[in-house]
Amino acid sequence: MASSQPVQNRIQKVLDPTKIATWNIVRRPPIPNHTVIQGKPREQNSNAFKEFQKQEGARLRKALNRITHGKNIFVYNNIRTNQVVYSLTRYLEKNNVLSQMVFHGKKTVPATLRKDMWVPFYSVHFNDSKVGLRAYHLLREFSMQRQLSPPREMITITQEFLDRKRPRDPVEAEKFDEEYKDKIGRLMDKKQRARVLMDQKATSVADIAAVLKIQEEEIKNGFADGKRGYLTRTARKRRREGRRKEAEASQRAAERVDEFEDLISTDQVEYKIEDPSGNDEYDVQGDEVKILWADLYDAQYAESWPERVRHGELELTRDHVMPGQRRLGADVLTVDAFAEKQPASS
């Protein structure tokens, strides 16, 4: 519980709401023993108490996510199939991941989420949540469209495709060449198509570059500036009602976050949870965009990048949770046409 000691005598520390959602104290916040649950006091070791604590953790994480909702997109790829999924949180959510899986045949959609199979790929950071949510929507649309209606050249057998698939064993390679000698230009079989369509690692990078270029034109045309065209009386009424409900939900979420701040604060330290836009990792101004990569060379899958994009690296991690920006002493961000900055001359 928070101490009655004056706040000015305590050290104040600001916590990043995108990073603390995986803490155990957030996933299962402390709840007093004998709390009334389902009409009667419950013991801490009862199933009803544990389930209620789990639900409270989900509500708290949802409240924390509202603080930066839409400003960050976190991208993960599967280490076996190179499938790519997009998330608005640093941690993977089962329903969000499985909803992005497209059925390409037997065993192409997992029965459940295996977090050990997914690793951080890159993260994208915006200054405006509306722009970020628009980018998130476009990325998912592009991924779905490519898998459901792929271009013919993507699923056509080519010499380059055969060179990659040819076995190293001379006997097996001879059999392989005999089997595919007259199949160049034909469509791949079902399993081959599934493997190609599931491999989205390179196309995901091309997609984010294309999305940012599309948004440059949208921003010039006034997207996300708060101005709208003519609305009917009914539409204006719906908009007012939607804004009222959104304000109420934001108020409830803020109160829940305030209660959690009081819970984790001590006599010596006062913790505050707020939008970390001011720190280096999220330092984007105006229409700038920052992309942090697990492997900086993956950025070269895109033909070009808009000038407003800055690049950096993610910290190394062995966990499925997206890490923060890597610190190397100097600014490692790139400029212009993805040219690395040269060290300053002595």
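Phe121, Tyr122, Trp293 and Trp305 are joined into a cluster by ring pairs, a pair being two rings of Phe, Tyr or Trp (its six-membered ring) with centres within 6.5 Å, classed as stacked if the planes are under 30 degrees apart, edge-to-face if over 60 and tilted otherwise. The model is predicted, so local features need pLDDT of at least 70 and side-chain atom pairs pLDDT 80 or more, while totals for chains, interfaces and linings use all residues. Residues are numbered from 1 along each chain as its sequence is written, and side-chain values use heavy atoms, without hydrogens and water.

Five aromatic pairs are found in the whole structure. Phe121 and Tyr122 pair edge-to-face, at 5.0 Å centre to centre and 65 degrees between the planes. Both Phe121 and Tyr122 are buried (under 20% relative accessible area; exposed is over 50%, partly exposed in between; 1.4 Å probe, protein chains only). The pair of Trp293 and Trp305 is edge-to-face because the planes stand at 75 degrees, with ring centres 5.9 Å apart. Trp293 is buried at a relative accessible area of 0%, and Trp305 counts as buried at 9%.

In soluble globular proteins, nonpolar side chains tend to be buried together.
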